[in-house]
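Hello,

Here is the structure for you to look over. Please open it first; my notes follow below.

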Amino acid sequence: MTRQLTAIVERDGNGYVALCPEVDVASQGDSVAEARSNLEESLALFFETASTEEIEKRLRNPRSSLR
């Protein structure tokens with residue numbers, strides 16, 4: 001199954017933070033491109049290691065850090 005996820009990238013001090021609110025996974029980097037690439041890697045690791053139940057739970061109940 002292919003699913004499109006959101007990547008929110010924001011400046012944080014001298015770097016950038018990238019967040020995927022649908023599964024509450026985040027990463028960081030020195031540039032937008034690095035933060036996004038690190039987020040992709042973090043998401044891949046999450047989907048490889050998380051249980052099916054945890055993945056389904058997070059996708060059903062996305063947490064948003066938008067305020």
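L19 has A26 as its bridge partner in strand 3. A word on terms: helices (H or I, at least four residues) and strands (E, at least two) are DSSP runs, numbered from the N terminus. Two strands pair if DSSP finds at least two bridges between them.

This is a predicted model: local features need pLDDT of at least 70, side-chain atom pairs count only at pLDDT 80 or more, and totals for chains, interfaces and linings use all residues. Residues are numbered from 1 along each chain as its sequence is written, and side-chain values use heavy atoms, without hydrogens or water.

Now the strands. Strand 2 (residues 15-20) pairs with strand 1 (residues 8-12) over five bridges, antiparallel. Two residues separate them in a hairpin, and G13 in the turn has a positive phi of about 65 degrees. Strand 2 also pairs with strand 3 (residues 25-29), again antiparallel, over five bridges. Four residues lie between the strands of that hairpin, where D24 takes a positive phi near 55 degrees.

Next, the aromatics. Ring pairs (Phe, Tyr and the six-membered ring of Trp) need centres within 6.5 Å; planes under 30 degrees apart are stacked, over 60 edge-to-face, the rest tilted. The whole structure holds one such pair. F46 and F47 form it, edge-to-face, at 5.1 Å centre to centre and 70 degrees between the planes.

How buried or exposed are the two? F46 is buried at 10% relative accessibility; F47 is partly exposed at 33%. Buried means under 20% relative accessible area, exposed over 50%, partly exposed in between (1.4 Å probe, protein chains only).

Best wishes
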